[in-house]
Amino acid sequence: MEQGMLSAGPTRSAAEEIADDLAKVTLAGELISRASTGSDVRFGKVAALRQKIEAGTYGVPAANVAAKMMDEIQKK
């Protein structure tokens, strides 16, 4: 080995690097597929609520807030 050159360990072949990249892409694809098909998010409802919040017209009745708080306290 020439002076000044460090060994980085065994080098990976191009086939090994391609296989590793393919595995990463496959996993990413599976995660994206799960997120897009397995979601129970109702995008229309979310958009409507977002518009109300941004417009300052979204409100929650105090009785509903109090009821939820009491439910949480009673769980403990």
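**Notes on the model**

1. Let's begin with one residue. Glu72 is partly exposed, with a relative accessible area of 42%. Please keep in mind that everything here comes from a predicted model.

2. Who is the partner of Glu72? The side chain of Glu72 meets that of Lys75 in a salt bridge, at 3.2 Å from N to O. Lys75 is exposed, and its relative accessible area is 64%. The two residues are 3 apart in helix 3, so about one helical turn separates Glu72 and Lys75. As background, side chains of opposite charge can pair when their charged atoms come close.

3. Now look at helix 3 as a whole. Helix 3 covers residues 62–75, which makes 14 residues. From its first C-alpha to its last, helix 3 reaches 20 Å, close to the 20 Å expected at 1.5 Å a residue. Is helix 3 largely in the open or largely buried? The number of its 14 residues that are buried is 0, so helix 3 lies largely in the open.

4. Step back to the overall layout. The protein has 3 helices and 0 strands, and from the N terminus on the elements run α-α-α. Of the 76 residues in the protein, 0% are buried. To count as buried, a residue must have under 20% relative accessible area. The protein exposes about 7300 Å², and carbon and sulfur atoms supply 61% of that area.

5. Which residues make the nonpolar surface patch? They are Leu49, Ile53, Tyr58, Val60, Val65 and Met69, and together they make a patch of about 540 Å². Helix 2 (43–55) and helix 3 are the elements that give two or more residues to this nonpolar patch. Val60 lies in the loop between helix 2 and helix 3. With 46% relative accessibility, Val60 counts as partly exposed.

6. Next, turn to the charged pairs. How many salt bridges does the structure hold? The structure holds 3 salt bridges, and the pair of Glu72 and Lys75 is one of the salt bridges. Arg12, Asp20 and Lys24 are linked in a network of salt bridges.

7. Asp20 meets Arg12 through their side chains in a salt bridge of 3.8 Å, N to O. Asp20 also meets Lys24 in a salt bridge, here at 3.5 Å, N to O. Both Asp20 and Lys24 lie in helix 1, and they are 4 residues apart, about one turn of the helix.

8. How open are the members of the network? Asp20 has 29% relative accessibility, so Asp20 counts as partly exposed. Arg12 is at 43% and therefore counts as partly exposed. Lys24 is exposed, because its relative accessible area is 52% and the cut-off for exposed is over 50%.

9. Finally, a word on confidence. The protein has a mean pLDDT of 83, and 84% of its residues reach 70 or more. Where in the protein is confidence lowest, and where is it highest? Confidence is lowest in helix 1 (residues 14–37), at a mean of 84, and highest in helix 3, at 93.

Definitions and conventions:
Residues are numbered from 1 along each chain as its sequence is written. This is a predicted model: local features need pLDDT of at least 70, side-chain atom pairs count only at pLDDT 80 or more; totals for chains, interfaces and linings use all residues. Side-chain values use heavy atoms; hydrogens and water are left out. The expected span of a helix is 1.5 Å times one less than its number of residues. Buried means under 20% relative accessible area, exposed over 50%, partly exposed in between (1.4 Å probe, protein chains only). Patches are made of residues with over 30% relative accessible area and no salt bridge: like charges are joined within 9 Å, nonpolar side chains (Val, Leu, Ile, Met, Phe, Trp, Tyr) within 5 Å. Accessible areas come from the Shrake-Rupley method with a 1.4 Å probe; for residues, only the protein chains shown count as cover. A salt bridge is a side-chain nitrogen of Lys or Arg within 4 Å of a carboxyl oxygen of Asp or Glu. pLDDT is the predictor's confidence in each residue, from 0 to 100.
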